[in-house]
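Please look over the sequence and the structure shown below. A short briefing on selected features then follows.

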Amino acid sequence: MPLRPLSLGLARGTHHMKVMPQGTGPSVPHAETNSSNIPAIRMLSPGDVAAFRAIRLESLRQDPHAFASREEDWLTISESDWRQHLVGNTIFAAFEGETPVAIMGLMRQRAAKMAHRATIVMVYIRASWRGSGLAKAMLDALESHAAITNIRQLELAVRADNAGAIAFYFKAGFAEIGRIPGGFLEDGQEFDEILMARRTRRLPTDNGATP
Ligand SMILES: CC(C)(COP(=O)(O)OP(=O)(O)OC[C@H]1O[C@@H](n2cnc3c(N)ncnc32)[C@H](O)[C@@H]1OP(=O)(O)O)[C@@H](O)C(=O)NCCC(=O)NCCS
């Protein structure tokens, strides 16, 4: 379901961003989407493989310790595999002009009795945009999508030594719900994996029937 455009004010700094519906953004004349040259957030469609590949590979290259995947694993996947990721998951990106500068994805559980849960994945903000509120705006966009698609619970996993990400998630209301000792193994060294979760905030239209 496409999102309605949302204007988002930021907690810090002087930036202002817009959330655009799926399929708009860089292909739409710049002045219509984002007149002040700051990131517009939108859901990627299967036609956005080039932008998806660019920002995902950037994230794995720039912050290799933050992710479970390695850049070399993603460098070799086919065009159709990239597209399949966009078909099977909900992935948002933020664009500065035509350039993707941030990415955040949502992987919904497939089984019927778990389909109210989704895992936040591929979280990355280009270094020049960190601390600007873009990360929170991306999370808000993901959460709006989650709420309208009846996802009740957001979950994620983060490496225990990733203090910046953990601080961001705590600030966004996530709580630690578990820890997998030695969940990450990199270059022979083990790191714990912290599991975090929080309920999706209800939309004003929610009838309150959910627990
Ligand atoms: C995680 C990430 C998306 C957060 O975005 P951000 O713009 O840095 O987030 P924010 O600035 O809104 O919040 C981060 C908070 O952590 C704090 N922080 C940043 N680095 C920190 C560190 N090394 N130790 C402790 N706190 C830290 C910030 O000060 C901020 O808190 P504040 O608002 O109280 O000052 C971004 O840092 C990023 O892309 N990191 C690299 C990839 C990554 O780690 N992804 C997560 C994989 S699970």
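Is Asp 161 buried, exposed or partly exposed? The model is predicted, and within it Asp 161 is partly exposed, because 13 other C-beta atoms lie within 10 Å. A residue needs 20 or more such atoms to count as buried and 12 or fewer to count as exposed.

- Asp 161 belongs to the loop between strand 7 (153–159) and helix 6.
- Asp 161 and Glu 193 are separated by 32 residues in sequence, and their C-alpha atoms are 9.0 Å apart in space.

**Strands 8 and 9**
- Glu 193 is part of strand 9, where it stands opposite Ile 180.
- Strand 8 (residues 175–186) and strand 9 (residues 189–199) run antiparallel and are joined by eight bridges.
- The hairpin of these two strands has two residues between the strands, and Asp 187 in this hairpin takes a positive phi near 50°.
- Strand 8 lies largely in the open, because the number of buried residues among its 12 is zero.

**The shell around the ligand**
- There are 17 residues around the ligand, and those that come nearest are Ala 66, Ala 135, Ala 163, Gly 164 and Ala 167.
- At least two residues of the shell come from each of strand 6 (117–125), helix 5 (134–148) and helix 6 (163–171).
- Helix 6 provides the largest share of the shell, with six residues.
- Sorted by class, the shell consists of 10 nonpolar, three polar and four charged residues.

Technical notes: Residues are numbered from 1 along each chain as its sequence is written. This is a predicted model: local features need pLDDT of at least 70, side-chain atom pairs count only at pLDDT 80 or more; totals for chains, interfaces and linings use all residues. A residue is near a molecule or strand if its C-beta atom, placed from the backbone, lies within 6 Å of it. Helices (H or I, at least four residues) and strands (E, at least two) are DSSP runs, numbered from the N terminus. Ala, Val, Leu, Ile, Met, Phe, Trp, Tyr, Cys and Pro count as nonpolar, Asp, Glu, Lys and Arg as charged, and the others, Gly among them, as polar. Two strands pair if DSSP finds at least two bridges between them.
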